[in-house]
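I opened a new notebook page for this structure. I want to look up its main features one at a time and note what I find.

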Amino acid sequence: MGGGGQQTDRIADTNGRFGTYTWEEVQKHTKSGDQWIVVERKVYNVSQWVKRHPGGLRIIGHYAGEDATDAFNAFHPNLQLVRKYMKPLLIGELEASEPSQDRQKNGALVEDFRALRERLEAEGCFKTQPLFFILHLGHILLLEAIALMMVWYFGTGWINTAIVAVILATAQSQAGWLQHDFGHLSVFKNSRWDHLLHKFVIGYLKGASACWWNHRHFQHHAKPNILKKDPDVNLLNAFVVGKVQPVEYGIKKIKNLPYNHQHKYFFFIGPPLLIPVYFQFQIFHNMIAHGLWVVGYHDCFDSYHVYAAECDFTALSLPLSLLVLSVLGPCVVFMESHWFVWVTQMSHIPMDIDYEKHQDWLSMQLVATCNIEQSYFNDWFSGHLNFQIEHHLFPMMPRHNYWRAAPRVRALCDKYGVKYQEKSLYEAFADIVRHFFIMDGCTLFHFFWTDALLHCH
C-alpha cells in the first residue's frame, strides 16, 4: 500500500482536478487497468491496486464503475482499518447533485437495508456464541473418534468399512461448513484467528487452498448467479442454466454435450465429480499458477493409517487390505461431494441466472437465493445454509443468528415488493432437477428454432 499516495498524485495531475465526479464519469472506468469504484460517495481509483487486494482482483473488478458500499460493508470486519488503507486511492467524491445510488437504484430501499444492518448490529446479531462453534467442532471430533474406534474394535471388513465411510463423510461435510464459517470471518472478534483457523481446517483437514476458496467464494457472494462474474455458474459448458444461456447456446450452435439430456447426466457428472475432479483440478492449478504449495490431507487419511495398522492385527491379506484402503477414501469424497452439491445448489440453481443488471445489494441477492424451511435437521444438514438469503445479505453474521435476522429481512422485502422465497428441503432438491429438465427443453427448442431460421433464409 506504500506506493498508493504517489499513484493518487499522478491521477490528480492527469485529470487536472482532485474533486467531484458524476456517475457518468465513474462508469467510464470499468476496464482492466482502468477501474474506479464508489464507496460511501467517495471515488477511488483501484486500477493498479486490484492486484494487491487481499480478496482478489476480480471481486473489485466486478464493481468497477459502481457503488460498492454494501459489498464493502459486507466483506470487511474492520471498516475503519480498511478506510485507512484506502486513503491513498481516493481521487474525489460524487458531485453534490448526484444521487448516492447509480443506475436508477431505489435509494429508499438501499437506505432502509443499511438501517436494518445497523439495527441488527446493535442487537448483537453479529456477535458470536463461542459455545455453538465449540460444540460443532466437538461433534466433528466425536464422529472421527467413533470411526477410529469402529476400526479398532471391528476391524476392516467390508460392512464396517462402509459404515466408517458414511461417518467420515458426515464429519468431512460438517468440517466443510465449519471452514465456511471461518472463511467468512464470522467466528472470532479478531479476524486473524478466523484466517488462521480457516487455513488449518480447509488446508490440513480438507486438503484445499484457503486462498483459492476465498477468491472463488467471495466472487460468488459479490455477484451471485451473474454470468461471467459468479464462478459457481461457470459450468465449463457441461450444463446450460438460467433463461439466457439456452438462447445463447442455441444461437451459437454450441453442442459440446447433449444438453437436452442434462437432467439425466447431471446425476453422473454433477454431484459425484465436483469435489474429487473439478475442485481438485482447480486447487492444483491454483497451487501451480500462484505458487501456493500447501500440503493438505483429508481427515480420512488419518483413518487410512489406522486401517493400515489394523491390517497387521487382522487376518486380511495384503492385497485385500490395500483394496479396502483404496476404496475408503474415494467413497468418503464421493459422498461428501453429493452432500455439498445438493446443499449449495438447492438455493441458487433454480433461481434467476443472468448477466449483470446492476441491481442494489438486497434485490441482487434475493433474485439469486432462496431459503429452506427451518428445522433442527435442516440447520445441521446444511450448515445453516438453509438461511441462504440472510447469509448472502450478511455474510459475516454468525450462522446461529440467521433466524433472528430472517423476520426483519422478510418484512423489508414485503415493504418494497421484493420476493422472499422459502421452500421445503424436498421441493428445493426437486427444483434442481426440474430446472435442468426445463432448460433441456429450452435449449432443444432454440437449436431447432435457429436451424429453422437458417433454412428459411
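I began with the terms: helices are DSSP runs of H or I with at least four residues, strands are DSSP runs of E with at least two, and both are numbered from the N terminus. I am working on a predicted model, where local features need pLDDT of at least 70, side-chain atom pairs count only at pLDDT 80 or more, and totals for chains, interfaces and linings use all residues. Residues are numbered from 1 along each chain as its sequence is written, and side-chain values use heavy atoms, with hydrogens and water left out.

**Entry 1: the loop at N401**

I looked up N401 and found it in the loop between α18 (388-393) and α19 (402-416). Is N401 buried or exposed? I use buried for under 20% relative accessible area, exposed for over 50%, and partly exposed for in between, with a 1.4 Å probe and protein chains only. N401 is buried, at a relative accessible area of 2%.

Next I checked what N401 touches, taking contact as heavy atoms within 4.5 Å. Not counting residues up to four places away in sequence, N401 touches G124, C125, F126, K127 and Q129. I noted the spacing for one of these: N401 and K127 are 274 residues apart in sequence, yet 8.5 Å apart in space, C-alpha to C-alpha.

**Entry 2: the whole protein**

I stepped back for the totals. The protein has 20 helices and seven strands. Of its 457 residues, 52% are buried. I then took the contacts between residues at least 6 apart in sequence; 73% of them join residues at least 24 apart. Accessible areas come from the Shrake-Rupley method with a 1.4 Å probe; for residues, only the protein chains shown count as cover.

**Entry 3: the sheet**

I turned to the strands. Two strands pair if DSSP finds at least two bridges between them. In what order do the five strands of the open sheet stand? I read the order as β1-β5-β4-β3-β2, with mixed pairing. β1 (20-21) and β2 (30-31) are at the edges with a single partner strand each, so one side of each has no neighbour in the sheet.

β2 and β3 (residues 34-39) run antiparallel and are joined by two bridges. T30 has Q35 as its bridge partner in β3, and K31 has D34.

I37 has Y44 as its bridge partner in β4. This is again a hairpin with two residues between the strands, and E40 in the turn has a positive phi of about 55 degrees. I noted that five of the six residues of β3 are buried, so the rest of the structure largely encloses this strand.

I found T22 in the loop between β1 and α2 (23-26). T22 is buried, with a relative accessible area of 19%. Leaving aside neighbours within four places in sequence, T22 is in contact with E95 and E98. I also checked T22 against L94: they are 72 residues apart along the chain, and their C-alpha atoms are separated by 5.8 Å.

S173 is in helix α8 (residues 158-183). S173 counts as buried at 4% relative accessibility. Not counting residues up to four places away in sequence, S173 touches K206, E336 and W339.

**Entry 4: cysteines**

How many disulfides does a search of the whole structure find? I got zero, with a disulfide taken as a pair of cysteine sulfur atoms within 2.5 Å. I looked at two cysteines. C331 counts as partly exposed at 32% relative accessibility, whereas C413 is buried at 0%.

**Entry 5: a surface patch**

Last, I looked up a nonpolar patch on the surface, formed by L257, F267, F268, I269, L273 and V277. Together they have about 520 Å² of accessible area. Patches are made of residues with over 30% relative accessible area and no salt bridge; like charges are joined within 9 Å, and nonpolar side chains (Val, Leu, Ile, Met, Phe, Trp, Tyr) within 5 Å. A salt bridge is a side-chain nitrogen of Lys or Arg within 4 Å of a carboxyl oxygen of Asp or Glu. Helix α12 (residues 262-269) gives the most to the patch, with three residues. F267 lies in helix α12 and counts as partly exposed at 38% relative accessibility.
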